[in-house]
Amino acid sequence: MRERSNRLAVVKELIKNNRIDNQDTLLDMLKHEGYHVTQATLSRDLKMLKVGKISDGWSGYYYALPENDMVSESEKSYIQDVRRGILSIEFSGNIGVVKTRPGHANSVGIALDILALPEILGTVAGDDTIFIILREGMTKEDLLESFKTRIPEVTD
């Protein structure tokens, strides 16, 4: 178990200090650090660390750690607001229309703004509808992938 926690610490440092765009690169870097693991083990490690892939907006995706290593209690509360409120999401270009339960749009919009998903430029909320504007170069697939990482129940 000690080797695993040491390995996880090394994985975090490698991701923090390097732009890593695939598991093969990360496996090679770990090998260089003295950790010989399988791709399956690395996948489990990345999941445990809540590592996600984010778009740099022009040339591809790379691994990133969550802003905080542990999800704060207030963030959990905002995630619950999103889970409870969203009924559907549809897109036209870089504008998303989010339907919520009546009276939930404001709390869901605030939660999305505070969660600071990198794909969202801003939100405008009414009573049961939120308009999401995506950042330049981002797509609905990018946002849905971010939801899968941070708020999985939204895309089920």
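Asp-81 touches Ser-107, Val-108 and Ala-111 when residues up to four places away in sequence are not counted, where contact means heavy atoms within 4.5 Å. Asp-81 lies in helix H4 (residues 73-85), and helices here are DSSP runs of type H or I with at least four residues, while strands are runs of type E with at least two, both numbered from the N terminus. This is a predicted model, in which local features need pLDDT of at least 70 and side-chain atom pairs count only at pLDDT 80 or more, whereas totals for chains, interfaces and linings use all residues. Residues are numbered from 1 along each chain as its sequence is written, and side-chain values use heavy atoms, with hydrogens and water left out.

**The chain as a whole**

- The secondary structure comes to six helices and six strands, and along the sequence these follow the pattern α-α-α-β-β-α-β-β-α-β-β-α.
- Along its principal axes, the C-alpha trace spans about 55 × 35 × 25 Å.
- Of the 156 residues of the chain, 37% count as buried; buried means under 20% relative accessible area, exposed means over 50%, and partly exposed lies in between, with a 1.4 Å probe and protein chains only.
- The accessible surface of the chain comes to about 9300 Å², and 50% of this belongs to carbon and sulfur atoms; such areas come from the Shrake-Rupley method with a 1.4 Å probe, and for residues only the protein chains shown count as cover.
- Among contacts between residues at least 6 apart in sequence, 49% join residues at least 24 apart.

**Salt bridges**

- The structure holds three salt bridges, each defined as a side-chain nitrogen of Lys or Arg within 4 Å of a carboxyl oxygen of Asp or Glu.
- One of them joins Asp-45 to Arg-7, with the closest N and O atoms 2.6 Å apart. Asp-45 lies in helix H3 and Arg-7 in helix H1 (residues 2-17), so the pair ties together parts that are 38 residues apart in sequence.
- Asp-45 is buried, with a relative accessible area of 0%, and Arg-7 also counts as buried, at 7% relative accessibility.
- The side chains of Asp-81 and Arg-84 meet in a salt bridge of 2.7 Å, N to O, and the two residues are three apart in helix H4, which means that about one helical turn separates them.
- Asp-81 is buried, with a relative accessible area of 17%, whereas Arg-84 is partly exposed, with 42%.
- Lys-16 and Glu-13 meet in a salt bridge of 3.6 Å, N to O; both lie in helix H1, three residues apart, or about one turn of the helix.

**Helix H5 and what follows**

- The buried residues of helix H5 (residues 105-115) are Ala-105, Val-108, Gly-109, Ala-111, Leu-112 and Leu-115. Seen down the axis of H5, these buried residues fall within an arc of 160°, so they line one face of the helix; the arc is that of the directions from the helix axis to the C-beta atoms.
- Just after H5, Ala-116 takes a positive phi of about 55°, and this residue lies in the loop between H5 and S5. Most residues other than glycine have a negative phi.

**Strand pairs and hairpins**

- Strand S1 (residues 52-55) and strand S2 (residues 61-64) pair in the antiparallel sense over four bridges, where two strands pair if DSSP finds at least two bridges between them.
- The bridge partner of Gly-52 in S2 is Ala-64, and the hairpin formed by S1 and S2 has five residues between them, with Gly-57 in the turn showing a positive phi of about 90°.
- Strand S5 (residues 120-125) and strand S6 (residues 129-134) pair in the antiparallel sense over five bridges; a hairpin joins S5 to S6 through three residues, and the bridge partner of Thr-123 in S6 is Ile-132.

**The loop between H3 and S1**

- Leu-49 has its place in the loop between helix H3 (39-48) and S1, and Leu-49 is buried, with a relative accessible area of 13%.
- Leaving aside neighbours within four places in sequence, Leu-49 is in contact with Leu-8, Val-11, Lys-12 and Pro-66.
- Lys-50 is found in the loop between H3 and S1 as well, where Lys-50 counts as partly exposed at 43% relative accessibility and has a positive phi near 60°.
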